[in-house]
Amino acid sequence: MSDPTVLQQEIALEQKHVDRVYARLVDLRRDASRAEKEGYQLSRVGTFGALVERDAMVFHAARRRHALDTEYEGLVFGRLDLATGATHYVGRMGIRDENSAPLVVDWRAPAAAAFYRATAAEPLGVVRRRMIQSARERVTGIEDDLLDPEAAPDDMRVVGDGALLASLSKATGHGMRDIVATIQREQDEAIRSPAGGVTIVTGGPGTGKTAVALHRAAYLLYSDRSRFAGGGILVVGPSGVFVEYIATVLPSLGEDTATLRSLGSLVPAYDTTRVDSGPVAAIKGSLRIRRVLERASHDAVPGAPTELRLLYRGTLLRLGANELEQIRRKALPRGARRNEVRSHGFDRLFDALWAQARQSKPAGLPEKREFEAELADRNDFREFLKAWWPRFTPLRVLRWLADPARLRNYANGLLSREEIGLLEGSFALLDEQGPTIADVALLDELDELMGRPRKPQQKSKNPFHVRDGVQEVSTFSDRQAAARSQNVQRDEDYRDYAHVVVDEAQDVTPMQWRMIGRRGQYASWTIVGDPAQTAWSGDLEELDRARERALGSRRRNTYALTTNYRNSSEIFEVAARVIRTIMPDLPLPSAVRSTGVEPVDLVATAAGLPGLVRELAEKQLTDVDGTIGVITPVPRQEEIAGWLTGLPERVQVVTALEAKGMEYDAVVLVEPAALTKDAAGIRTLYVALSRATQRLTTVGTDANWMPATGSVS
Ligand SMILES: Nc1ncnc2c1ncn2[C@@H]1O[C@H](COP(=O)(O)OP(=O)(O)OP(=O)(O)O)[C@@H](O)[C@H]1O
C-alpha cells in the first residue's frame, strides 16, 4: 500500500495538468462553435462555392464539437515518464496547447504505443507508467508501474498496486467495460496489426478478444481515416443483446461511424432474434442448403396460371401448361437469376404468341413491335404476366419451403429424411413467427440467387476529402478532414465496406460466412473468436472451408491472447474442467485474479427450482454491485424469466446462446445438465460458465451435470 499523503500529493500534481487540458478544451469548444456560426453566415453570400464551403465548415465544426463533448469523460488517463526525462500524457484524443505543444497524445498514436507495450523486461525507454483515474474533471486515483528502477530519478514517486488489477475489480455495468487505459502488450500488438489482409485474434474466454476488435476498429479509423471512415467499418456480433452490450465502446473512444450489426440484422430487411435448435441451425447453416435454395429459386410459382388465352383481333392465341413451362425453363437456365431474366421470359412469351398470330393471319396484323405494344397495354395480359412470373422477394420463396411436398422435392438427394423432417417443423413456423437468425443467411442467399435490379450507387463528391496518415497529436484536424466522408449516404444494403470485424467468429455458420463475405469483398478483415466456444454442431471442416473462402487469399496475421481478465481463477477452474472433458489438450488462458470465493453448486427438486432460482438471484443482488446474468437453456428462457418478475433491471435472463460474448458480475446458471448432451452443448456450457467476474452459482434438478471425460464424442 502506498503512503496516503504521497498519493494525495501526486493526485494534486496530476490534477494541475488535467485542469490545463480541460481549460484548453473549453477554448477549443468555443472555437468550434464560432466556426459553426461563421459557416452559417457564409450562406448569405449565395455563391455555389460559398455554399459548399459553408457546408464543410458547419459540418466540420459540428463534428468537432461532438467529439469534444463525447470524449469529455476520462479524457486523460495515462502518463509516461521516459528515461530521456520527457513526459507524455496519453488520452482518448490528442490535444495541443495554444502554441501547438502537445498536452495529450491520442492513445492510438505511435508515441502512445509504449504506454501499452512497455514491460519491466522490456521498458522501451519508459521509466514509470502511470494510470490516471478520474471522474469527469477530477482526478480520483493513480496506479503506477515502475518499469525501469535503475533509470528512475531519486525523487520519482510510485503509488498504487498496478493499473490492471485496480481496473478489473470494478463492477460490471450494462455496457462493456472500458479498457483503453489498461490495454496489455499482447492485445496492443493485435490492435495495431497491419491494416490490410486478415487479422485473426484467438484466445480463450475473457482474454479481451472483443475489446481488441473494437479498439482495433478505432485504431484503423485513426490511422487511415479517409479509407476506413469513407469506406466504412462493419462490426458483426452474434446477437442483438451482444451488439447492445458493445455499442458504447466505440463512441466512448470518439468513434461513432462504424456500423454494428448482429447476424440476425445484417440484412436490412430483417431484424430477428429468433433461434433454431442446434440440429436445425446446423442444417440451415450448412452449404448443402444452398443447392436446396437454388432448386427453389428456379421452381414454378405455386398456383401460377397453367394456360394463357387471349382473344386477339378475333383469333384465339393460346399457350398450354407444357409450352409455358418450356418457355420458363429456357428463359431460366441453371445459374440464371430469376428476377434479372424476367424480361427474357416475357420476350420468349411474346415470340411464341407472335408465331401463333402470324400462323392464323388475322386481318390487319401489325408489325411485331406494335403487336407487342398492343398486348402489353392489355390488363388481362398484364395480370397474367404478374401471376406467371412475378417479381420475387426472398421471403416469398423461402415460404415455399414450408410446403412439405416442395421441401422434399428440393431437398431430394441432398438432405436425409430426418433432416427434411427437422426443417419441415422449423419452416412451418415461418409465417407465424417470422424468420430465425439462421434464416437471414438463407434469405440473403435467395436474394443472390434470384438477383434484383440494383440501384446505382451514389458516390460522394467530396472536395474536402483529405488523405491523412497517423498523427502524433491534435487529432481534431484529421477528424474534421474526414467529417465529410462520414456524411456519405450509404445504400441501405451497402456492401463495399473497407473493413469488416467479425466477433465470436467461431459461431458463424458456412451460410453466414457467405452472407458476411458479400459485404466485405473489397475489405480487410479482423476476425476474433475461440473455436472451443462454438455451438456449431455441424461439420467443423466445412466451417473452416467456408470461412477461408469468404476471406479469400488475403494475407493472414494471427495473434493469440493468453490471459483471462474476466473470470476469477476460482470460476475459470470450473469452466476449464468442463472443456477439458472434450478437449483435453486445449491450451487455456490463465485467469489473473483470485477472489477467494468458490463457485456454488446446488440441487433442487423440480417443484423447488423456481423458488430457489429466485432466492439465488436476490442473494446476488446483495452480493455484487453490477449485473447478474441468469443463464437458461434455450427453450426455458420465458418460463424462468417468469420466476424472476419484479426483480431490478440488474438481473438479466438470457439463454446460453445469448450469453455468448457477454459478461456479468454474478451468474446463476440454471439446469446445466441440459447442455451436456453432445460436444456442441458442452462447448456452450463452457461459454455459460465463463461469463461471471465475481460469483458463479449452478443450480438444477440433476446433481451429476459435470460431464465425464469421453462421455460424448
Ligand atoms: N487490458 C485489459 N484491461 C482491463 N480489462 C480488460 C483488459 N482486457 C480485457 N479486459 C476485460 O476483460 C473482459 C473480457 O473481455 P472480452 O469480452 O473482450 O473478452 P473475450 O475474449 O471477447 O471473451 P469471450 O471469448 O469469453 O467472449 C471485459 O470485461 C474486458 O473489459
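**Starting at K209**

Leaving aside neighbours within four places in sequence, K209 touches V201, G203, V528, G529 and L561, where a contact means that two C-beta atoms, placed from the backbone, lie within 7 Å. This is a predicted model, in which local features need pLDDT of at least 70 and side-chain atom pairs count only at pLDDT 80 or more, while totals for chains, interfaces and linings use all residues. Residues are numbered from 1 along each chain as its sequence is written.

**The annotated binding site**

- UniProt, in an unreviewed entry, places the feature "binding site" at G203, G204, P205, G206, T207, G208, K209 and T210; the positions follow the numbering used here, feature names are shortened, and annotations may be inferred rather than shown by experiment.
- K209 belongs to helix α6 (residues 209-223), and G203 to strand β7 (residues 198-203). Helices (H or I, at least four residues) and strands (E, at least two) are DSSP runs, numbered from the N terminus.
- K209 is buried, because 26 other C-beta atoms lie within 10 Å. The cut-offs, using C-beta atoms placed from the backbone, are 20 or more others within 10 Å for buried, 12 or fewer for exposed, and in between for partly exposed.
- G203 has 23 other C-beta atoms within 10 Å, so G203 is buried.
- Apart from neighbours within four places in sequence, G203 is in contact with K209, D530, A560, L561, T562 and P589.

**A loop residue, T182**

- You will find T182 in the loop between α4 (163-168) and α5 (185-191).
- Is T182 buried or exposed? T182 is buried, since 24 other C-beta atoms lie within 10 Å.
- T182 and Y116 are 66 residues apart along the chain, and their C-alpha atoms are separated by 7.2 Å.

**Two crossing helices**

- Helix α10 (residues 278-285) and helix α18 (residues 417-427) have axes that come within 10 Å and cross at roughly 100°. Axes are lines fitted to C-alpha atoms, for helices over the stretch in contact, with angles running from 0 to 180 degrees between N-to-C directions.
- α10 and α18 are therefore roughly perpendicular to each other, a term for angles of 65 to 115 degrees.
- On the α10 side, P279, V280 and I283 meet E419, L422, L423 and S426 of α18.

**The whole protein**

- The protein has 27 helices and 21 strands.
- Of its 713 residues, 43% are buried.
- Among contacts between residues at least 6 apart in sequence, 74% join residues at least 24 apart.

Methods
Angles under 35 degrees count as roughly parallel, over 145 as roughly antiparallel, 65 to 115 as roughly perpendicular and the rest as oblique.
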